[in-house]
Amino acid sequence: MEQLIANILFSASTIFLVGISFSMIFTTARFFHFAHAAVITSGAYGCFAFSQWLTLPMFVSVALAIAAGTGLGWCLELAVYRPMRRNGASPLILLLASLGLYIVLQNGISMLFGDDTKVISGSAVAPSISILGARITGIQLAVMGFAVAVFFAKVFLVDRTRVGLALRAVADSPELAKVSGIEFDRTMGIAFCFGSFLASTVGLSRAFDVGMTPTMGLPMLLLGVVAVVLGGNGKALGVAIASVLLASFQQIAGWQFGTRWEETTAFLLLLGFLLWRPQGILGKPLRKAEV
Amino acid sequence: MEYLLHILILIGIYTMVSVSLNLIAGYTGLISIAHAAFYGVGAYVAAIMALKLQSPFLANIICAVLLSSLLGALVGIPSLRIRDDYFVIATFAFQVITFSILNNWVSFTGGPMGLPGIPQPTILELEISSHLGFLVLVGMMCALTLWISSRIVRSPFGRVLKAIREDEVFTQAAGKNIAGYKVLVFVIGAGMAAAAGVMYAYYISFIDPTSFTVMESIFILSIVIIGGAGNLWGPVAGAVVLVLLPELLRFIGLPSSVAANLRQMIYGGLLVTFMMWRPKGLLGEYAFHAREVKK
């Protein structure tokens, strides 16, 4: 039982972090950034390349990998999405382009590193520690701690700072934000940087925990997206509640029916919500004409 | 010669499946990433019936189409309440669930091992066993699909579909039952995709879940969009380009592991390129433009 709760909390932390990283971009740019999955993966493989191929010390590799992941997300915005937005591309067109980007990046990683599961050797496999009867590894504990920190940081950043104000303004009404003198493109860049930073960090932590494959990003992203949709409006609290709900559902289903049905359960939950409560747990309903 | 026929058969099958998606995505404007699921359900229903019941080809294809249409109705229903990005996510969920059932329900679908040894189809005492025979069969099915599709889009029904794509609220205000239309177009599209799946299963004579993944759905969507959404001949052009282009890689002599990745990178890259510079696709009439929105 204790172990189940520990697993739920860890899994919820990962989902929450991915969800927040996705919603930073989704609420600001208002389109479905699929290539985010490749950004998640890139953090892990970046670290692998720096530590294994270039044999840099671990902490340098970690820092460089996160920087590379952040840079990748930012480059996508600069090189692809920004010019497309200037041409008046609709969110659906951006979504389709990001699907293409995801395919290119994921296969690029496959080609460079191979499809087999890679682990970062030399990362001290932290001996699991026992807390209240549940066994947790150091990296899992770190992820949970990071999730809590991000929760408060997100609340602080978005509600209390000028950058957060700009992000919310652009999310609410791009035109109004522009005429109010908010630098639209810069704000968008910031959203992409923050989102990609978090995403590559989560990817990296997953790599330390269970290793990495080129396709690991997509299932992680999808769970995060499910949490954002369930949570409602992209607020940290909604995403957090939804993450815990989703993780409990998944872990309990995995425990009862076997882990292979975990993904199915998560998506059934998503479909249920989309059909009966599309606005999510904390969201307000929108009428069709407003959307 | 065998190789050339093989390529033509593949183009035919992909034309069928993307023509059916074109009805949903191109004409009605509902982007769906669940099409490989319909295609896969068609293939699996036919394969399971052929292997376990030894039932004839025509019975299998009818059952596959009916069952997949039913699933299509199920996928179409969320489109009544949610739209755009969220609808894409919902179809994504259907795709993932379908794949996971094909992959995990081992006793029924064979799981990751797939279903080998699907027999050659026999139509009216005529066994189709050569590549040429298959090409004729696929060609006929393809022509039928295109004919149905052209009849649909030129009919009043097709006009309503386009109206829904252009302005849903207005269409509703004009007294059209948009819920019925949306579900119906999914039923039709899913049924046609299933027919393509049946052809695939009989042609390859072995199916496993990896042929019906999210990636396959995205590939089919790419065919529609690169070929030109909302144009009858768009998916044909898309299928020709997207099946032929990666085949050229064979002649460069790359190792197969690299070629598989490169093949996907090509269509991913094409998708991005087209979205950036020509969102209408090669022959397209519709570019998923933003609806007139006020928030």
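## Basis

This is a predicted model, in which local features need pLDDT of at least 70, side-chain atom pairs count only at pLDDT 80 or more, and totals for chains, interfaces and linings use all residues. Residues are numbered from 1 along each chain as its sequence is written, with chains lettered from A and ligands numbered from 1 in the order in which they are written.

## Chain B overall

Chain B holds 12 helices and four strands. Helices (H or I, at least four residues) and strands (E, at least two) are DSSP runs, numbered from the N terminus. The radius of gyration of chain B is 19 Å, close to the 19 Å that the globule rule gives for 295 residues, so chain B is as compact as a globular protein of that length. The radius is taken over C-alpha atoms, and the rule is 2.2 Å times the number of residues to the power 0.38. Along the principal axes, the C-alpha atoms of chain B fill a box of roughly 55 × 45 × 35 Å.

Of the 295 residues of chain B, 51% count as buried. A residue is buried if 20 or more other C-beta atoms lie within 10 Å of its own, exposed if 12 or fewer, and partly exposed in between; C-beta atoms are placed from the backbone. Among contacts in chain B with a separation of 6 or more, 78% join residues 24 or more positions apart. Two residues are in contact if their C-beta atoms, placed from the backbone, lie within 7 Å.

## The A–B interface

Chain A brings 39 residues into contact with 34 residues of chain B. On the chain A side, the elements giving two or more residues are α3 (58–86), α4 (91–113), α9 (217–231) and α11 (262–276). α4(A) gives the most, with 15 residues.

The chain A side divides into 29 nonpolar, six polar and four charged residues. Here Ala, Val, Leu, Ile, Met, Phe, Trp, Tyr, Cys and Pro count as nonpolar, Asp, Glu, Lys and Arg as charged, and the others, Gly among them, as polar.

Helix α1 of chain B spans residues 2–27. Its 26 residues reach 36 Å from first C-alpha to last, close to the 38 Å expected at 1.5 Å a residue. The expected span is 1.5 Å times one less than the number of residues. α1(B) bends by about 35 degrees at Leu21(B). That bend is the angle between axes fitted to the seven residues ending there and the seven starting there. Gly29(B) follows α1(B), with a positive phi near 75 degrees.

Helix α5 of chain A (138–160) has 23 residues and reaches 32 Å, close to the expected 33 Å. Its buried residues include Ile139(A), Val143(A) and Lys154(A). The buried residues of α5(A) pack against α1 (2–29), β2 (134–136), α8 (184–210) and α10 (236–257) of chain A.

## Loop residues

Arg30(A) is not a glycine, yet has a positive phi of about 55 degrees. It sits in the loop between α1 and α2 (36–53) of chain A. With 15 C-beta neighbours inside 10 Å, Arg30(A) counts as partly exposed. Gln54(B) also has a positive phi, near 55 degrees. Its loop runs between α2 (35–53) and α3 (57–76) of chain B. Gln54(B) is exposed, with 8 other C-beta atoms within 10 Å.

Gly111(B) lies in the loop between α5 (106–109) and β1 (115–116) of chain B. It has 16 C-beta neighbours inside 10 Å and counts as partly exposed. Not counting residues up to four places away in sequence, Gly111(B) touches Asn103(B), Asn104(B) and Val106(B).
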